Amino acid sequence: MSQTMPAPPVTDKPVGKIAAGEKRKRSRIGDSSPWYYVGIAVIVVYCLAPFYWMVVSALRRPSDQFSNSLLPIPASLDNLKAAFSPSNGFARGLLNSLIVAGSTTIITLVIGITAAYALARLDFRGKGATLAAIIATSMFPGIAVVVPILQLWTNIGWINTYQAMIIPSLSFALPTAIWLLTAFFKQMPFELEEAAQIDGCTPAQAFRRIILPLAAPGVFTTAILVFIAAWNEFIIAVSVVNKSEYKTANVIVSQFTGQYQFQQPYGTQMAAGVVVTIPLVIAVLLFQRRIVEGLTAGGVK
Amino acid sequence: MTTTTSVDVPTTPETKPGRPPGRRAGVASFAALLLSPSLLILLLVIGYPIVSALRLSFIKTVDGVDPDTGLVTHSSVFSLANYIDIFRGDTAAAFRNAFWNTTTFTIVTVIIETTIGVCMALVMNKAFRGRGLVRASILVPWAIPTAMSALLWRWIFSADGVANDLLRANILWTTEGFQAWLAVVIADTWKTAPFIGLLVLAGLQIIPAEVYEAAKVDGSSAWRTFWRITLPLVKPALVVAVLFRMLDVLRMFDLPFVLIGPQKKSTQTLSLLAYNDMSNLHFGPAAAYATVLFAYVAVVAYAFVRLLGADIVGRGVGGGR
């Protein structure tokens, strides 16, 4: 997918120019049009301005908090220090997020990869229905899972544990992973297994020795997307945990309390928000091609 | 789905007439082995909660005082009371309000997001330098955790915040009223319109350039080309993107929870209503709300797949071959 992406516009370009030369009225907004650059600028500003505001607000001095200037002058790291002050438990929250999102991702991949292989490469009755059912499960509203799960965890004493967050997270992570992996496995040429079978491989050997190593990029992309989804999870984490030692970063930051009771500590929250978001933004910058490929292959949130 | 038939064709030719049944049975049991861990987990983490929520929703817990001992007693009875309460009495108003908010959020945000997303995709579809920059920037809103973006918008919409400064207004965005509803719509649109843009862009890129060429030769205007050619061809990608967004807004929770607050009437969604009852340990009513929301989501998804032919299985189980 990523290879084919730049292709259409290349063939598209001369067409636009010829048409523009022939009849101005008909020309679409082409490369040279200023409106085109305006459009691009609007998109970039639209997407980045609010995030830029988060970063700027995080870097202001706490005394300048309500300044609305575009640059944080003079800049200061006080908000960041405040975010990590021991009373907030933010560092622990980050660790908790890492544990929950990391475990969810690993469990999901280990379990989902074989299912995706079966759905993409094997031929058996009820395949379409199985895949449709798995995709349908990813659309369940989180609250419908959380209500009975909270009661169950209360009964068996699992409130304030990691597994209380990890297990329900599988309800959205596993269907997502199976779906993405199935799309990736399907893109690989089918001659691979045929060749392996001619060479005397069983389906299991073909999977382990041939398909899995070649599918590594798709598996990696799936891992990124599942990790981001699990890292961003909120409703489960806010419901099944009430001790701050077990709260994930998202929950703990949204519950920061200020110095004074009725004042929300926005500066500290923005600084913590930047810290929670930065790993994801770096992942996006590094793996943007892969992420786009994954998002459009499965059409996942 | 023409799944099984189209898949059969390429695999059978090389096998001899006598062998297929045995080989097929072997493949089927291998497939069952590969699928069973996932299906088992899904049964546990989704099947169990759904059945359990349904059961809970029919349980009414009655607090009473034992006349002999004077102690507080809890007794549970099976009844339709939780569902009846949805349509009668005090709770009916709260339910109607949450249902209304959920529905209006869904309709309004999806319409705005789709419009903006399609416009973004049309702009991005042109060849240009710095494609990577645009792609990275449209992924930023998508990557930010919703809870963090809700905090960010709460800050932007705070009384002394930048929104009021830019508008030269003094709106108390996060208090009860239409402005709180609007704040949620704006924050949600910011975060998810680029996502629709991304999915639509993928749909646009598989339209062959020749199609546009032909339209030009026939003298079609840009506007007409968009409605008659681009939109119909991009429809499969668009329908799936819109379906995902709708199902996502229907279950919206973190954004109003963090941006406005859990108890605010103006932005209370069905998920929030269920959450509030749940956190007061009223599991019965919470389960009833969750079940109603689940049914609502299922009906919308079914209608979408049926009426608009949303192909959620993506590339199709047989289509990839």
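Of the 301 residues of chain A, 47% count as buried, a residue being buried if 20 or more other C-beta atoms lie within 10 Å of its own, exposed if 12 or fewer do, and partly exposed in between, with C-beta atoms placed from the backbone. This is a predicted model, in which local features need pLDDT of at least 70 and side-chain atom pairs count only at pLDDT 80 or more, while totals for chains, interfaces and linings use all residues. Residues are numbered from 1 along each chain as its sequence is written, and chains are lettered from A and ligands numbered from 1 in the order in which they are written.

## The two chains

The secondary structure of chain A consists of 13 helices and zero strands, where helices (H or I, at least four residues) and strands (E, at least two) are DSSP runs numbered from the N terminus. Chain B comes to 13 helices and two strands. The table sets out values for each chain, with contact meaning that the C-beta atoms of two residues, placed from the backbone, lie within 7 Å.

| Chain | Buried residues | Contacts at separation 6 or more that join residues at least 24 apart |
|---|---|---|
| Chain A | 47% of 301 residues | 73% of contacts |

## Where the parts meet

The contact between the chains takes 93 residues from chain A and 93 residues from chain B. On the side of chain A that touches chain B, the largest share, 12 residues, comes from helix α2 (residues 34-59) of chain A. By class, this side of chain A has 61 nonpolar, 22 polar and 10 charged residues; here Ala, Val, Leu, Ile, Met, Phe, Trp, Tyr, Cys and Pro count as nonpolar, Asp, Glu, Lys and Arg as charged, and the others, Gly among them, as polar.

Within chain A, the domain assignment gives domain 1 (7-83) and domain 2 (87-298), the bounds coming from an automatic or database domain assignment. The contact between these domains takes 11 residues from domain 1 of chain A and 11 residues from domain 2 of chain A. On the domain 1 side, the elements that give two or more residues are α2 and α3 (78-83) of chain A. The residues of that side divide into seven nonpolar, three polar and one charged.

## Helices of chain B

Helix α10 (residues 222-250) of chain B and helix α13 (residues 283-308) of chain B pack at an angle of about 170°, with their axes 10 Å apart; axes are lines fitted to C-alpha atoms, for helices over the stretch in contact, and angles run from 0 to 180 degrees between N-to-C directions. The helices α10(B) and α13(B) are therefore roughly antiparallel to each other, since angles over 145 degrees count as roughly antiparallel, those under 35 as roughly parallel, 65 to 115 as roughly perpendicular and the rest as oblique. In this pairing, B:V239, B:L243, B:M246, B:L247 and B:L250 of α10(B) meet B:Y296, B:V297, B:V300, B:A301, B:F304 and B:L308 of α13(B). The contact of α10(B) with α13(B) has 11 nonpolar, no polar and no charged residues.

Helix α12 (residues 270-279) of chain B is largely enclosed by the rest of the structure, because eight of its 10 residues are buried. These buried residues are B:L270, B:S271, B:L272, B:L273, B:A274, B:Y275, B:D277 and B:M278, and they pack against α6 (142-156) of chain A together with α4 (90-124), α11 (254-259) and α13 of chain B. Just after α12(B), B:L281 takes a positive phi of about 60°.

## Individual residues in loops

A:F234 lies in the loop between α9 (203-231) and α10 (235-240) of chain A, and A:F234 is buried, with 22 other C-beta atoms within 10 Å. Leaving aside its neighbours within four places in sequence, A:F234 is in contact with A:N250, A:V251, B:T146, B:A147 and B:D254.

Most residues other than glycine have a negative phi. A:N160, which is not a glycine, has a positive phi of about 65°; A:N160 is found in the loop between α6 and α7 (163-187) of chain A and counts as partly exposed, with 16 C-beta neighbours inside 10 Å. B:R168, which is not a glycine, has a positive phi of about 50°. The place of B:R168 is the loop between α7 (162-167) and α8 (178-205) of chain B, and B:R168 is exposed, with 6 other C-beta atoms within 10 Å.
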